[in-house]
Amino acid sequence: MKIDLHNHSYYSDGVLSPAEVVDLAKNQGCDVFALTDHDTTDGLVEAQQQADEINLQLIHGVEVSAMWNNMTIHIVGLNVDIENKTLQAGLKQHQEFRQIRAEKIARGLGGVGIFNALEKVKLVAKTPMITRTHFAQMLVQEGVCKDMRSVFKRFLTGKKPGGVGGKWAEFDEVISWIHAAGGKAVLAHPLRYRMTNTKIKRLLSHLSGAGLDGVEVVTGSSSSDEITLVSQWAKEFDLSASIGSDYHGWPNQRVQIGHLQDMPNVNKTIWSDWSWLN
Ligand SMILES: [Zn+2]
Ligand SMILES: [Zn+2]
């Protein structure tokens, strides 16, 4: 069974519409697929219509930013009830923060001579959600930087002109929103946080103490060694293993939907509790 539980559409910082992402997942041979846009479930209505149309098993997901130890991490909620009021109230807080952050980034960029950044970035984003990736895309389009990576380095982090500190909800709160909506909370891409292995283990220990259900053992960019390492951590902290490409559809992204290494031997997968699936 081909499963991919982490993907983005243009409802956050992906390129394709939800229907296009669903079509692509089907074409790539996925049997089970989750749309997990950043801090919004709005794309899932369209995704579900298309999934019904072409008979693909769609998991309702969301990737929620969270604070741990003053650092931003990503927690994926899987199989959530998108009507749940607690979850939606939490996501609304984050959407409002993103709005304020976009205005601050634009002001910062204005200070170094890049004017009308907010108006320009709105033309890049296809929905009201403006992410830092949209700013990066806009600055590449404008010829200010050669690629998105250099935009982040020059403008969007730390004390740089468009650097705005993240103030998302704390990790335990985010996990509780996901659980309130009946979902499973999974730590996304554990090796992408620029933390030492000792620190990631401390993160996993804190999060599992707060009720985290799983961790992404296989991601679209994982090496075999990384998969082995994270699968050991999953066992050590009694977390279910998840798998997801983190597909965005950016032109320079090598990651493809459903192109994932095999899940190694794990104690438990995150979908083993979904009886309708097994
Ligand atoms: Zn992420
Ligand atoms: Zn993601």
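## Gly61 and strand β3

Gly61 is buried, since its relative accessible area is 1%, and the cut-off for buried is under 20%. This residue is part of strand β3, which spans residues 57-68. The model described here is a predicted one.

Gly61 can also be placed relative to Phe33. Along the chain the two are 28 residues apart, and their C-alpha atoms are separated by 9.5 Å.

## The loop between β2 and α2

Asp37 sits in the loop that runs between β2 (32-35) and α2 (44-54). Asp37 is buried but has no salt bridge. The nearest side chain of opposite charge belongs to Arg98, at a distance of 9.5 Å. A salt bridge requires a side-chain nitrogen of Lys or Arg within 4 Å of a carboxyl oxygen of Asp or Glu.

The side chain of Asp37 does have polar partners. With the side chain of Ser9 it makes a polar contact of 2.6 Å. A polar contact of 2.6 Å also joins the side chains of Asp37 and Ser12.

Gly43 belongs to the loop between β2 and α2 as well. Gly43 counts as buried because its relative accessibility is 1%.

Asn79 is located in the loop between β4 (71-78) and α3. With a relative accessibility of 26%, Asn79 counts as partly exposed. Asn79 and Leu5 are 74 residues apart in sequence, while the distance between their C-alpha atoms is 9.9 Å.

## Salt bridges

Side chains of opposite charge can pair when their charged atoms come close. There are 8 salt bridges in the structure. One of them is formed by Asp273 and Lys184, whose closest N and O atoms are 2.8 Å apart. This pair connects distant parts of the chain, 89 residues apart: Asp273 is in the segment after β7 (240-244), and Lys184 is in strand β5 (residues 184-187). The two partners fall into separate accessibility classes: Asp273 is partly exposed because its relative accessibility is 40%, whereas Lys184 is buried, at 19%.

Asp273 also forms a salt bridge with Lys268, where the closest N and O atoms are 3.4 Å apart. Lys268 counts as partly exposed, given its relative accessibility of 38%.

## A bridge between helices α8 and α9

Glu236 and Lys201 meet through their side chains in a salt bridge, with an N to O distance of 3.4 Å. This pair, too, links distant parts of the chain: Glu236 is in helix α9 (residues 224-236) and Lys201 is in helix α8 (residues 197-209), 35 residues apart. Glu236 is partly exposed because its relative accessibility is 49%. Lys201 is also partly exposed, at 28%.

## A positive surface patch

Arg149, Lys153, Lys160 and Arg194 form a positive surface patch. Among them, Lys160 lies in the loop between α6 (148-156) and α7 (171-180). The relative accessibility of Lys160 is 38%, so this residue counts as partly exposed.

## Backbone angles

Most residues other than glycine have a negative phi. Asn116 has a positive phi, near 55 degrees, and is not a glycine. Asn116 is found in the loop between α3 (85-110) and α4 (117-124).

Asp246 is another residue that is not a glycine but has a positive phi, in this case about 60 degrees. Asp246 lies in the segment after β7, the segment that also holds Asp273. At 6% relative accessibility, Asp246 counts as buried.

Definitions and conventions:
Residues are numbered from 1 along each chain as its sequence is written. Chains are lettered from A and ligands numbered from 1 in the order in which they are written. This is a predicted model: local features need pLDDT of at least 70, side-chain atom pairs count only at pLDDT 80 or more; totals for chains, interfaces and linings use all residues. Side-chain values use heavy atoms; hydrogens and water are left out. Patches are made of residues with over 30% relative accessible area and no salt bridge: like charges are joined within 9 Å, nonpolar side chains (Val, Leu, Ile, Met, Phe, Trp, Tyr) within 5 Å. Accessible areas come from the Shrake-Rupley method with a 1.4 Å probe; for residues, only the protein chains shown count as cover. Lys and Arg count as positive and Asp and Glu as negative; His and the chain ends are not counted. The place of a charge is taken as NZ of Lys, CZ of Arg, CG of Asp or CD of Glu. Helices (H or I, at least four residues) and strands (E, at least two) are DSSP runs, numbered from the N terminus. Buried means under 20% relative accessible area, exposed over 50%, partly exposed in between (1.4 Å probe, protein chains only). A polar contact is a pair of N or O atoms within 3.5 Å; within protein, one must be able to donate a hydrogen and the other to accept it, and residues adjacent in sequence count only if both atoms are side-chain atoms.
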